[in-house]
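Reader: I've got a model open and a few minutes. Can you walk me through it?
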Amino acid sequence: MKHILSSVAAAGLMMTAACASYDGDEQAKTDPRIGEKVDRICFGRTIDGWRDVKGKDNVVLLERGVNEWYYTELTGVCRANALRSAIAIGIESRPAGGCVTKGDVIIVEDSPGFTQRCIITDIYKWDEDAPAPDEDEDDMM
């Protein structure tokens with residue numbers, strides 16, 4: 001069962017980090033589900049949900065409230081398969097206040113004792129009802 005790590009518990013985990021390069025603004029122009037850029041997501045107490053975006057590494061969708069999703073771009077070792085199999089996810093934000101902004105850290109635990117630390121580089125609104133970009137012919141076979 002998936003659960004959310006509190007920022008206090010997440011801060012105590014051993015972390016591993018790596019860097020990756022990604023042009024998020026270009027991606028936002030080509031995927032109609034990605035909406036306007038926002039500077040923060042404010043949660044009541046915890047993230048209401050998360051999931052990966054099929055075929056996308058270094059991206060996680062975060063849910064605030066009911067069906068209010070945000071496309072969050074990351075740098076680090078946040079592979080889609082690790083997010084899909086995560087047993088816990090947490091956010092280390094600065095300063096504590098319930099909002100997540102660019103530069104905050106998402107911590108993913110995909111197996112006991114193994115965590116990944118990913119820095120938020122951009123946040124966009126996510127429109128679940130917009131059509132997904134066309135798949136390549138290879139993906140359709």
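Reader: Start with strand β9. How much of it is buried?
Author: Strand β9 covers residues 105-111, and five of its seven residues are buried. Keep in mind that this is a predicted model.

Reader: Which strands pair with β9?
Author: One is strand β7, residues 88-92, which runs antiparallel to β9 and is joined to it by five bridges. Another is strand β10, residues 114-126, antiparallel to β9 over six bridges.

Reader: Give me residues I can click on. Which residue stands opposite Val105?
Author: Glu92 stands opposite Val105 of β9. For the β10 side, take Ile106, whose bridge partner in β10 is Cys118.

Reader: What about the turn between β9 and β10?
Author: β9 and β10 form a hairpin with two residues between the strands. Gly113 has a positive phi there, near 85°.

Reader: Stay with β10. Where does Ile119 sit, and is it buried or partly exposed?
Author: Ile119 is in strand β10. Ile119 counts as partly exposed, at 38% relative accessibility.

Reader: What does Ile119 touch?
Author: Leaving aside neighbours within four places in sequence, Ile119 contacts Glu73, Leu74, Thr75, Gly103, Asp104 and Val105. Gly103 is 16 residues away from Ile119 in sequence, and their C-alpha atoms are 5.7 Å apart.

Reader: Which residues point which way?
Author: Trp69, Tyr71, Glu73 and Thr75 point one way from β6. Tyr70, Thr72, Leu74 and Gly76 point the other way. All of them are buried.

Reader: How does β6 connect to β10?
Author: β6 and β10 are antiparallel and pair over eight bridges. Leu74, for example, has Ile120 of β10 as its bridge partner.

Reader: And β5?
Author: β5 also pairs with β6, antiparallel, over five bridges. Val60 stands opposite Thr72 of β6. The two strands make a hairpin with five residues between them. Gly65, in that turn, has a positive phi of about 75°.

Reader: New topic. How many disulfides?
Author: The structure has one. Cys42 and Cys99 form it, with sulfur atoms 1.9 Å apart.

Reader: Why is it right-handed?
Author: The torsion about the S-S bond of Cys42 and Cys99 is about 100°, so the disulfide is right-handed.

Reader: What does it tie together?
Author: Cys42 lies in strand β3, residues 40-42, and Cys99 in strand β8, residues 99-101. The pair therefore ties together parts that are 57 residues apart in sequence.

Reader: Is Cys42 buried or partly exposed?
Author: Cys42 is partly exposed, with a relative accessible area of 27%.

Reader: OK, Asp52. Where is it, and what does its side chain do?
Author: Asp52 is in the loop between β4 (49-51) and β5 (59-63). The Asp52 side chain makes a polar contact with the side chain of Arg84, at 2.9 Å.

Reader: Why does Asp52 count as buried?
Author: Its relative accessibility is 15%, and buried means under 20%.

Reader: What else does Asp52 contact?
Author: Beyond neighbours within four places in sequence, the Asp52 contacts are Val59, Leu61, Ala80, Leu83 and Arg84.

Reader: Where's Leu83, and how accessible is it?
Author: Leu83 lies in helix α3, residues 80-84. Leu83 counts as buried, at 1% relative accessibility. Trp50 is 33 residues from Leu83 in sequence, and the C-alpha to C-alpha distance is 8.6 Å.

Reader: Zoom out. How many helices and strands?
Author: Four helices and 10 strands. Along the sequence the pattern is β-α-α-β-β-β-β-β-α-β-β-β-β-α.

Reader: How much of the protein is buried overall?
Author: Of its 141 residues, 40% count as buried. The protein exposes about 8200 Å², with carbon and sulfur atoms supplying 51% of that.

Reader: Last thing. What's the confidence?
Author: Mean pLDDT is 75, and 71% of the residues reach 70 or more. Confidence is highest in strand β2, residues 34-38, at 96, and lowest in helix α1, residues 7-11, at a mean of 35.

Reader: Which stretches fall below 50?
Author: Residues 1-23 are below 50, and that stretch has 46 contacts in the model beyond near neighbours in sequence. Residues 136-141 are below 50 too, with one such contact.

Definitions and conventions: Residues numbered from 1 in each chain as written. Predicted model: local features only at pLDDT ≥ 70, side-chain atom pairs only at ≥ 80, totals over all residues. Heavy atoms only, no water. Disulfide = S-S within 2.5 Å. Buried < 20%, exposed > 50% of the residue type's maximum accessible area, 1.4 Å probe, protein only. Areas by Shrake-Rupley, 256 points an atom, 1.4 Å probe, with all protein chains shown as cover. Polar contact = N/O pair within 3.5 Å; in protein donor to acceptor, adjacent residues only side chain to side chain. Contact = heavy atoms within 4.5 Å. pLDDT = per-residue confidence, 0-100. Pairing = 2+ DSSP bridges.
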